[in-house]
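My notes follow in the order in which I looked.

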Amino acid sequence: MGKYVENNLINDEKIVKKATLSPLPLVVNGIKILISVAIFIGFIIYFGALMIASGLASVSFMDMMAILGDMGAFTSVWLVLCFVIIFAVIIHEIKSFFRYFNMDVAITNKRVIGKTGIIRVETMDAPLDKINNVNVSKGLFGRMLKYGSIIISTANFGTFRYDYISNVDEYKSILMAEIDKYTNPQKENDGDIRSEESKSE
């Protein structure tokens with residue numbers, strides 16, 4: 001996480017809660033990458049063995065197509081599909097690593113500030129009174145390891161999603177409390193008055 005939030009605070013603004021990213025998704029993503037790479041290498045070795053068995057010293061695209069054709073239509077389609085899916089998983093998980101280290105989000109006493117993305121950077125700067133809805137999303141690993149995603153919908157700025165947040169339910173509760181405090185300042189003032197009265201008694 002960077003210093004995007006700290007560098008974009010305005011006058012009289014303070015950070016109430018900065019999101020802490022769980023390191024556990026990195027472990028999960030790392031395991032996925034290792035498994036996918038192992039299977040990917042297995043495919044390469046498998047095709048290499050087929051080339052040697054076919055007496056081919058080097059492989060070309062036409063040679064590969066010929067070997068796939070000898071396997072039958074169903075087997076050929078299945079192998080190519082698996083190869084493509086595994087390659088896509090590897091790319092997706094690598095992007096997730098970079099996304100993790102380029103995300104920064106915090107709740108302040110005035111707004112929610114955030115940044116995510118690598119090449120296509122997406123920033124959020126939403127006043128608390130412009131936030132319409134806050135949802136939490138947790139997958140299987142997220143439920144077990146206590147992390148998840150927070151999805152924030154705003155009136156004028158669109159919808160923003162921040163992943164890998166530790167104790168995401170608590171983070172949502174803090175955000176909802178800050179929204180209530182910001183949009184209903186009289187409630188906080190009444191509470192302060194009651195607190196002062198009780199002390200005087």
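Which backbone nitrogen lies 3.2 Å from a polar atom of the side chain of S22? I found that it belongs to L24. I note here that the model is a predicted one.

**Entry 1: S22**

I placed S22 in the loop between β1 (15-18) and α1 (24-53). Is S22 buried or exposed? I read a relative accessible area of 4% for S22, which is under the 20% limit, so S22 is buried. I then listed what S22 touches, leaving out residues up to four places away in sequence: Y100, Y147, Y164 and S166.

**Entry 2: the protein as a whole**

I counted 6 helices and 7 strands in the protein. From the N terminus on, I wrote the elements down as β-α-α-α-β-β-β-β-α-β-β-α-α. The protein has 201 residues, and I noted that 31% of them count as buried.

**Entry 3**

I looked up the strand order of the open sheet of 3 strands and found β5-β6-β7, with antiparallel pairing. I marked β5 and β7 as the edge strands, since each pairs on one side only. From one strand to the next, the twist averages 20°. How many bridges join β5 to β6? I found 6, with the two strands running antiparallel. I picked out S137, whose bridge partner in β6 is S149. Next I turned to α5, which lies across β5, β6 and β7 and runs at about 170° to β5.

**Entry 3: the cores**

Which residues touch the most other members of the largest nonpolar core? I listed V112, I131, I150, Y162, I165 and L175, out of 23 residues in that core. I then checked which elements give two or more residues to this core: β2 (104-108), β4 (122-127), β5 (131-137), β6 (147-154), β7 (159-166) and α5 (168-183). Not counting residues up to four places away in sequence, I131 touches V112, A126, I152, S153, T154, L175 and I179. I noted another core lying apart from the largest one; it has 5 residues, among them F40, F43, I86 and I90.

I looked at strand β3 (residues 111-116), which pairs with β4 in the antiparallel sense over 6 bridges. I located T116 in strand β3, and E122 in β4 is the bridge partner of T116.

Why does T116 count as buried? I read 2% relative accessibility for T116, and the cut-off is under 20%, so T116 counts as buried. I found a polar contact of 3.4 Å joining the side chains of T116 and R99. Leaving aside neighbours within four places in sequence, I have T116 in contact with R99, N102, M103, V121, E122 and Y162. I had already listed Y162 among the residues that touch the most other members of the largest nonpolar core.

Definitions and conventions:
Residues are numbered from 1 along each chain as its sequence is written. This is a predicted model: local features need pLDDT of at least 70, side-chain atom pairs count only at pLDDT 80 or more; totals for chains, interfaces and linings use all residues. Side-chain values use heavy atoms; hydrogens and water are left out. A nonpolar core is a set of buried Ala, Val, Leu, Ile, Met, Phe, Trp, Tyr and Cys residues joined through side-chain atoms within 4.5 Å. Buried means under 20% relative accessible area, exposed over 50%, partly exposed in between (1.4 Å probe, protein chains only). Helices (H or I, at least four residues) and strands (E, at least two) are DSSP runs, numbered from the N terminus. Contact means heavy atoms within 4.5 Å. Two strands pair if DSSP finds at least two bridges between them. Axes are lines fitted to C-alpha atoms, for helices over the stretch in contact, and angles run from 0 to 180 degrees between N-to-C directions. A polar contact is a pair of N or O atoms within 3.5 Å; within protein, one must be able to donate a hydrogen and the other to accept it, and residues adjacent in sequence count only if both atoms are side-chain atoms.
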